[in-house]
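Please read the following briefing alongside the sequence and the coordinates.

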Amino acid sequence: MKKVLSLILALTLVLALAACGGKDNTPPADTKEPADTQQPADDTQKPADAQQPAEPSGEKKTYNIGVSIYQFNDNFMTLYRNELEKYFGELNSDTVEYKVNIQDGKNDMAEQTNQIQNFITQGMDLIICNPVQTSSADTLIDLAVDAGIPMVLINREPLGVDADGNTVDESYPGIVDNATVCYVGADARQSGTYQGEIVAALDNKGDMNGDGKVSYVMIIGDPENPDAQYRTEFSIKALTDAGIEVEELTAQIGNWDTNQGQQIAQNALNQFGDQIDVIFCNNDGMALGAAAAIEQAGRKVGEDILLLGVDALEECQQMVQNGTMTGTVLNDHIGQSHKAVDVAVQALNGESIDNYYWVDYVKVDASYFA
Ligand code: GAL
């Protein structure tokens with residue numbers, strides 16, 4: 001009897017709840033008003049029901065943003081991530097709040113896919129993604145598009161379309177098919193070109209040992225990343241375009257990492273010694289490692305060897321100033337993160353967005369500080 005009574009009680013409760021909670025859970029057609037059904041109960045955020053005035057003016061709007069960074073353990077992306085969070089914070093006001101949830105992709109595609117799926121389940125209003133694998137970005141884009149959530153991709157350009165918007169891989173659906181997906185980044189060809197131009201502008205055009213050619217070691221970020229591919233290619237292209245004869249001694253993958261950069265440079269210095277004129281690194285993180293190896297080998301940047309990086313980390317800017325590094329290229333983490341946030345806000349406001357946003361690199365050699 002007790003059981004029957006509690007069953008009746010439970011049934012009555014369910015019916016009563018269904019009657020007063022008859023809110024339609026389908027997201028509103030207008031993307032300006034993201035559904036907040038997944039948010040914790042908070043009176044200020046409850047959608048207005050028929051009895052209440054619709055959105056009294058002055059009511060605070062909350063947007064939830066999920067961010068997945070390919071790996072927290074990365075010099076440049078740490079600067080980028082901190083600036084992204086800081087800038088969102090600066091945009092908070094009496095009328096709007098951006099709640100940013102930043103996750104570490106741990107350089108693991110499965111982990112990152114999981115994070116994106118969780119963001120979708122949690123009903124995030126927008127996702128910012130720094131893909132672990134650019135070749136798998138389409139899977140992440142599809143997840144966001146299917147869930148009707150705008151996605152801003154950053155730093156690692158999904159393959160398929162180049163910086164001029166030309167399709168380079170027909171099989172890839174790309175960003176261009178989706179009005180709510182975009183990429184914010186810098187054209188890595190420019191950074192490579194700047195590295196090469198810094199060398200070509202020197203009096204000896206980079207031929208430190210005077211044997212008539214520029215023999216170089218290339219330390220590559222990661223092979224499937226367009227930043228690495230373009231920097232590797234265009235740094236050397238700038239030399240050959242300037243009529244300089246080049247010779248590649250070795251090209252190795254250092255995964256953007258200082259320790260790996262040091263190891264590769266150390267091995268190369270042991271193997272090739274004075275033959276090396278230039279060590280090109282796809283980023284400053286690896287150049288810091290190479291600088292340590294150069295010092296250990298008793299070589300002197302600017303006197304018998306040249307060292308180039310990309311990012312213009314604070315530390316490397318100082319090294320360029322004091323001559324322990326030949327040059328670097330400013331990868332504008334402030335400009336890029338602010339653009340990503342501005343575009344995100346545009347999308348959250350239901351405004352249309354472009355598919356691609358490009359931020360310029362800046363050449364940083366000794367003359368930059370003059
Ligand atoms: C590059 C940057 C590298 C590394 C990489 C990660 O743009 O120069 O230092 O952060 O992005 O994708």
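Helix H5 (residues 188–200) and helix H6 (residues 226–241) pack at an angle of about 35°, with their axes 7 Å apart, and their crossing is right-handed. This is a predicted model, in which local features need pLDDT of at least 70 and side-chain atom pairs count only at pLDDT 80 or more, while totals for chains, interfaces and linings use all residues. Residues are numbered from 1 along each chain as its sequence is written, and side-chain values use heavy atoms, with hydrogens and water left out.

**Terms for the helix pairs**
- Helices are DSSP runs of H or I with at least four residues, numbered from the N terminus.
- Axes are lines fitted to C-alpha atoms over the stretch in contact, and angles run from 0 to 180 degrees between N-to-C directions.
- A crossing is right-handed if the near helix is turned clockwise from the far one by less than a right angle.

**H5 with H6**
- In contact (heavy atoms within 4.5 Å), H5 contributes residues including Ala188, Arg189, Glu197 and Val199, and H6 contributes residues including Asp227, Tyr230, Arg231 and Phe234.
- By class, this contact has 8 nonpolar, 6 polar and 4 charged residues, where Ala, Val, Leu, Ile, Met, Phe, Trp, Tyr, Cys and Pro count as nonpolar, Asp, Glu, Lys and Arg as charged, and the others, Gly among them, as polar.

**H7 with H8**
- Helix H7 (residues 258–272) and helix H8 (residues 284–296) have axes 7 Å apart and pack at an angle of about 40°.
- H7 and H8 are therefore oblique to each other, a label for angles that are not under 35 degrees (roughly parallel), over 145 (roughly antiparallel) or 65 to 115 (roughly perpendicular).
- H7 passes H8 in a right-handed crossing.
- Among the residues that meet are Gly261, Ala265 and Leu269 in H7 and Gly285, Met286 and Gly289 in H8, and the contact has 8 nonpolar, 7 polar and no charged residues.

**H2 with H10**
- The axes of helix H2 (residues 75–91) and helix H10 (residues 333–348) cross at roughly 45° and come within 9 Å, which makes H2 oblique to H10.

**Ligand surroundings**
- The ligand is surrounded by 13 residues, of which Asn155, Arg156, Asp227, Arg231 and Asp311 are the closest; a residue is counted as near if one of its heavy atoms lies within 4 Å.
- An oxygen atom of the ligand lies 2.7 Å from a side-chain N or O atom of Arg156, and an oxygen atom of the ligand lies 2.8 Å from a side-chain N or O atom of Arg231.
- Asn331 places a polar side-chain atom 3.1 Å from an oxygen atom of the ligand.

Technical notes:
Helices (H or I, at least four residues) and strands (E, at least two) are DSSP runs, numbered from the N terminus. A polar contact is a pair of N or O atoms within 3.5 Å; within protein, one must be able to donate a hydrogen and the other to accept it, and residues adjacent in sequence count only if both atoms are side-chain atoms.
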